[in-house]
Amino acid sequence: MHNSLNLFLTNNDQWETLTNRGLLAEMMLAKNGQLLTPALQYGVVGLNENALYRVSIEIQRIDDKIYDFGQIDGKWVWWHKSNATTVETAQVVQHKDGPQLGSYWIKNGLDFSWLKLTNKRHFVTDRHAFVEPRQQYQPIVRIEDINNPDVHFIYSNQDQVFITVTAFVSDQFLELKDMWIKSRKKAEGPKKRSSGGDGGTVEKKQKKEMLSKGKATKSANYHYLPFLYLLLFSYLP
């Protein structure tokens with residue numbers, strides 16, 4: 001059944017571009033976490049459509065080295081080995097959609113574009129992976145059959161090796177990153193406004209107009225008060 005199971009990168013063109021140019025993807029670290037670009041997005045075929053699967057990902061460190069960027073040749077090079085006590089593997093992060101049928105994963109893919117990286121342990125949630133700066137990591141995807149623990153599948157791709165940074169340093173990578181982000185935003189189209197989108201904006205405008213009219217009416221009524229007082233006093237003895 002699972003001999004034909006296969007995973008593939010749905011944004012393979014982005015990762016291949018980096019490989020062909022001899023560039024490493026630089027993944028920014030932030031206190032509250034930072035999304036990855038290129039994103040971790042996979043398609044899958046060969047699952048049993050009626051079986052229940054758990055999907056997870058692990059951001060695994062590939063060696064015990066700390067890297068530095070060479071300004072002259074524009075490459076990341078090994079600087080020195082890290083302290084052995086700090087060589088850790090990031091925790092396994094379960095897919096946010098939870099266990100799903102094989103038909104669900106085949107249709108929707110294994111999308112981890114929501115995953116964030118942080119180098120602050122106390123900010124780690126079920127949507128974060130803890131990593132350390134200037135080290136190389138590689139995503140490892142796991143698919144497990146809920147009802148048959150012996151059935152599992154592990155996938156990794158050498159093209160997805162990336163380095164973690166606290167500040168971007170490669171101008172070439174930044175140019176590609178900006179291009180991909182702009183393309184994604186263009187494909188997504190304009191964001192809908194909250195509170196019902198444009199309808200919410202219209203409602204606010206209507207309320208504002210009603211309040212303005214109410215104030216104008218109130219002001220006009222005050223304008224006629226002196227005449228009403230004169231009329232009243234004219235009938236007093």
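User: Where is D97 found?

Analyst: D97 sits in the loop between strand 8 (92–94) and strand 9 (100–101); strands are DSSP runs of E of at least two residues, numbered from the N terminus. This is a predicted model, where local features need pLDDT of at least 70 and side-chain atom pairs count only at pLDDT 80 or more, while totals for chains, interfaces and linings use all residues. Residues are numbered from 1 along each chain as its sequence is written, and side-chain values use heavy atoms, leaving out hydrogens and water.

User: Is D97 buried or partly exposed?

Analyst: Buried means under 20% relative accessible area, exposed over 50%, and partly exposed in between (1.4 Å probe, protein chains only). D97 is partly exposed because its relative accessibility is 24%.

User: What does the side chain of D97 make with the side chain of Y104?

Analyst: A polar contact, at 2.7 Å. The term means a pair of N or O atoms within 3.5 Å; within protein, one must be able to donate a hydrogen and the other to accept it, and residues adjacent in sequence count only if both atoms are side-chain atoms.

User: How many salt bridges does the structure hold?

Analyst: A salt bridge puts a side-chain nitrogen of Lys or Arg within 4 Å of a carboxyl oxygen of Asp or Glu. The structure holds three, including K96 with D97 (3.3 Å, N to O) and E58 with R142 (2.7 Å, N to O). E58 is in strand 5 (residues 52–61) and R142 in strand 13 (residues 136–145), so their pairing ties together parts 84 residues apart in sequence. E58 is buried at 7% relative accessibility, whereas R142 is partly exposed at 24%.

Conventions. Helix = DSSP H or I, 4+ residues; strand = E, 2+ residues; numbered from the N terminus.
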